[in-house]
Amino acid sequence: MRNQVALVTGGMGGIGTAICRSLVDQGAKVVATYNRGGDHVSAQKWQRQQQEDGYHIDIAFVDVTDYNSCSRLVKGLPVDLNKIDILVNNAGVVHDMQCYKMGADAWDKVVNTNLNGTFYVTRHVINGMIDRQYGRIINISSVNGQKGQFGQVNYSASKAGIHGFTKALALEVASKGITVNTISPGYVATEMVMSVAEPVREKILAQIPVKRFGQPEEIARAVVFLAAPESSFITGSNLNINGGQY
């Protein structure tokens, strides 16, 4: 995938960073998107850190919950980056709460980011892929989109929706040199997961047969596999990476 262009939404989180780095290692030109509440200084700091570590990664602001913002993102990319070969829809949020307590704001925030955002970004990338008769789209879902999770009706619904989106889109573009696949991680040792209170983490670990959390690099390795030109016969699939949990 040398000199191919990869767009990674939510590219500055734990999993996102690992994905960006792994794609750079394969020779891709990578654009990591961010929102961070408009904290551009923080995003630039992240970019400088990657540069210091030997990774040149371009960055771009986008609000994935806003259709027009996603349009501006794709149209505003520099000439050398505006032919996107690989799209990784990784941006996501959680806002946990039991259904009987959940307001429309908590539902909308999660569904708009995780599911609508996947559609919005893809919608503005897919036409270019069709024109060039090539593309790799990889959507990051979750084990909880398959098995459900207490207190996560919004998150589980949004991540389950990604599976349906993937399978339908894969059928639409299968004859156009474009593959569409999903990866469903289990619990990964990101900063967010490791910040959970230790008693809660211990309960989660007890549910994972391999008795450890996943590593961001393990998710990134799967992204690289599905993004490769040689993976052209894999489409409409879901890859579970959850330590045997489901």
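Modeller: Start with the cavity. Helix H4 gives the largest share of the lining of the largest cavity, 5 residues. Keep in mind that this is a predicted model.

Biologist: What makes it a cavity, and what is its volume?

Modeller: A cavity is a space where a 1.4 Å probe fits but cannot get out. The largest cavity has a volume of about 40 Å³. The search of the whole structure finds 1 cavity of 30 Å³ or more.

Biologist: Which residues line the largest cavity?

Modeller: Among them are Thr9, Val64, Asn89, Thr113 and Val121. By class, the lining has 3 nonpolar, 6 polar and no charged residues.

Biologist: And how much space lies in the largest pocket?

Modeller: About 1,400 Å³. A pocket is an open set of points, so its label differs from that of a cavity, where the probe cannot get out. The largest pocket has 47 lining residues, and Gly92, Val93, Val94, Tyr155 and Met192 lie nearest its centre. Elements that give two or more residues to this lining include helix H1 (14–25), strand S2 (29–34) and helix H6 (153–173). The lining divides into 22 nonpolar, 19 polar and 6 charged residues.

Biologist: Now the rings. How many aromatic pairs does the structure hold?

Modeller: It holds 3 aromatic pairs. In one of them, Tyr34 and Phe61 are 5.7 Å centre to centre, with 70° between the planes.

Biologist: Why is the pair of Tyr34 and Phe61 called edge-to-face?

Modeller: Centres must lie within 6.5 Å, and planes over 60 degrees apart count as edge-to-face. Tyr34 is in strand S2 and Phe61 in strand S3, so the pair ties together parts 27 residues apart in sequence.

Biologist: Is Tyr34 buried or exposed?

Modeller: Buried means under 20% relative accessible area. Tyr34 has 9%, so Tyr34 is buried. Phe61 has 35%, so Phe61 counts as partly exposed.

Biologist: What makes Tyr67 and Tyr120 edge-to-face?

Modeller: Their ring centres are 5.5 Å apart and their planes are at 90°, so this pair is edge-to-face. Tyr67 lies in helix H3 and Tyr120 in helix H4, 53 residues apart. Tyr67, Phe119 and Tyr120 form one aromatic cluster.

Biologist: How do you know that Tyr120 is buried?

Modeller: Tyr120 has 17% relative accessibility, and the cut-off is under 20%, so Tyr120 counts as buried. Tyr67 has 31%, so Tyr67 is partly exposed.

How values were computed: Residues numbered from 1 in each chain as written. Predicted model: local features only at pLDDT ≥ 70, side-chain atom pairs only at ≥ 80, totals over all residues. Heavy atoms only, no water. 1 Å grid on protein atoms, 1.4 Å probe; cavity = no way out; pocket = protein on both sides within 12 Å on 5 of 7 lines; lining within 4 Å. Points joined across faces, edges and corners; volume = space filled by probe spheres on them. Helix = DSSP H or I, 4+ residues; strand = E, 2+ residues; numbered from the N terminus. Nonpolar A, V, L, I, M, F, W, Y, C, P; charged D, E, K, R; others polar. Phe/Tyr/Trp six-rings, centres within 6.5 Å; stacked < 30°, edge-to-face > 60°. Buried < 20%, exposed > 50% of the residue type's maximum accessible area, 1.4 Å probe, protein only.
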